[in-house]
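Have the model open as you read.

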Amino acid sequence: MTARSGRRIALIPGDGIGVEVAASARAVLAALDERYGLGIRVDEFDWSCERYLAQGALMPADGLDTLRRYDAILLGAVGWPDVPDHVSLWGLLIPIRRAFGQYVNLRPVRSFEGVTSPLADGKNRPIDLVIVRENNEGEYSEVGGRFNRGQPEETAIQEAVFTRRGISRIADYALSLAAGRRRHLTSATKSNGLVHSMPFWDEVVRERAALRPEVELVEEHVDALAAKLVLRPESFDVIVASNLFGDILSDLAAGVTGSIGIAPSANLDPTLRHPSMFEPVHGSAPDIAGKGLANPVGMLWSTVLLLQHLDAAEPAARLMAALEESLRNPVTRTADVGGTATTDQVTAAVVDLLTAG
Ligand SMILES: NC(=O)c1ccc[n+]([C@@H]2O[C@H](COP(=O)([O-])OP(=O)(O)OC[C@H]3O[C@@H](n4cnc5c(N)ncnc54)[C@H](O)[C@@H]3O)[C@@H](O)[C@H]2O)c1
């Protein structure tokens with residue numbers, strides 16, 4: 001990942017457990033700042049569904065201009081049962097991803113000692129893969145409409161948008177990433193069912209891959225790929241996928257490693273012109289919010305990605321090692337991964353590991 005030199009971070013806790021895991025990230029960043037003198041400045045914004053219900057918008061009208069002044073954005077999660085999910089998603093996350101050209105959604109997935117996958121033994125079948133999800137176009141588009149509302153012939157049309165530029169740049173990013181790893185790239189397609197967009201996706205990915213002969217490209221229909229992710233997750237290195245396919249595959253892959261609570265993501269503008277945004281894969285989890293049950297590891301691993309992006313490789317590596325250590329012990333991991341700790345206890349254990357020695 002390429003790095004930025006400033007260290008101003010906009011923290012948006014959001015809703016539900018987003019607020020709880022954001023507090024954890026804040027404590028960890030403060031501990032690292034103290035230890036390494038990183039010059040980190042964190043400003044917090046209360047942009048959320050609560051704000052939407054009180055003021056009619058998730059973020060202020062000049063919200064994007066405010067964020068533009070930061071080097072990175074760290075987000076907990078947005079969404080709450082009183083607000084339709086499309087309102088919360090399109091009112092905050094999608095505008096940020098698009099306005100700041102965060103066209104890469106990077107989702108590393110791996111197994112950890114101590115976290116039992118329902119499918120693979122963490123020691124003998126280690127999972128270590130990255131999903132590169134296209135983040136700016138594809139199936140998540142505003143093109144379409146609803147007709148004949150309330151009539152028997154009511155119809156919804158939702159168009160997908162695929163461009164040569166969009167596919168090329170995400171394929172190039174995934175190919176470079178694979179070249180620095182195990183040199184294997186799987187492209188998720190569905191060219192048998194989606195007869196216009198996916199053959200185009202395949203053609204462009206193939207063209208870009210021809211320029212990187214050191215990387216082996218394999219195309220898989222997304223349905224078969226989903227089955228393989230369950231049956232042989234250890235066989236994947238980098239997977240490149242469209243917006244919708246990447247979204248679904250990354251939750252599946254996170255589940256395969258043991259819990260969605262540990263999965264991180266980075267929304268990257270690889271040109272570095274705009275701030276990138278780091279957030280756990282999970283949502284606001286209303287079912288466990290306020291109970292101290294939220295696993296903060298997804299947020300803290302996202303903080304590792306943020307630190308790498310802000311050119312703080314050593315603190316990032318130290319935080320990753322502290323997460324690995326805390327996951328090894330049931331007393332310092334949360335219930336979703338077979339432990340007994342609360343969110344605050346995990347945070348305290350990680351902070352202790354960061355400040356020790
Ligand atoms: N990027 C985001 O902000 C984002 C992503 C996904 C969903 N959402 C929103 O979050 C809300 C809830 O969505 P959902 O229930 O489909 O998904 P979710 O990820 O919030 O929860 C799914 C399940 O996983 C569990 N879980 C999630 N994170 C966990 C953690 N850190 N520790 C322990 N358990 C955890 C939850 O308790 C729940 O049972 C919705 O409003 C949705 O739109 C937001």
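Start with strands β5 and β10 (residues 238-241), which run parallel and are joined by four bridges. Strands here are DSSP runs of E with at least two residues, helices are runs of H or I with at least four, and both are numbered from the N terminus; two strands pair if DSSP finds at least two bridges between them. Across this pairing, I131 sits opposite I239 of β10.

A quick word on what you're looking at: this is a predicted model, where local features need pLDDT of at least 70, side-chain atom pairs count only at pLDDT 80 or more, and totals for chains, interfaces and linings use all residues. Residues are numbered from 1 along each chain as its sequence is written, and side-chain values use heavy atoms, leaving out hydrogens and water.

β5 also pairs with β4 (residues 104-110), this time antiparallel, through seven bridges; V104 has E134 of β5 as its bridge partner. Six of the seven residues in β5 (residues 128-134) are buried, so the strand is largely enclosed by the rest of the structure. Buried means under 20% relative accessible area, with exposed over 50% and partly exposed in between (1.4 Å probe, protein chains only).

Now hop to helix α8 (residues 243-257). Its buried residues include F245, L249 and V256. Seen down the axis, the buried residues of α8 fall within an arc of 155° (taken from the directions from the helix axis to the C-beta atoms), so they line one face. After α8 comes G258, with a positive phi near 140°.

Notes
Expected span 1.5 Å × (residues − 1).
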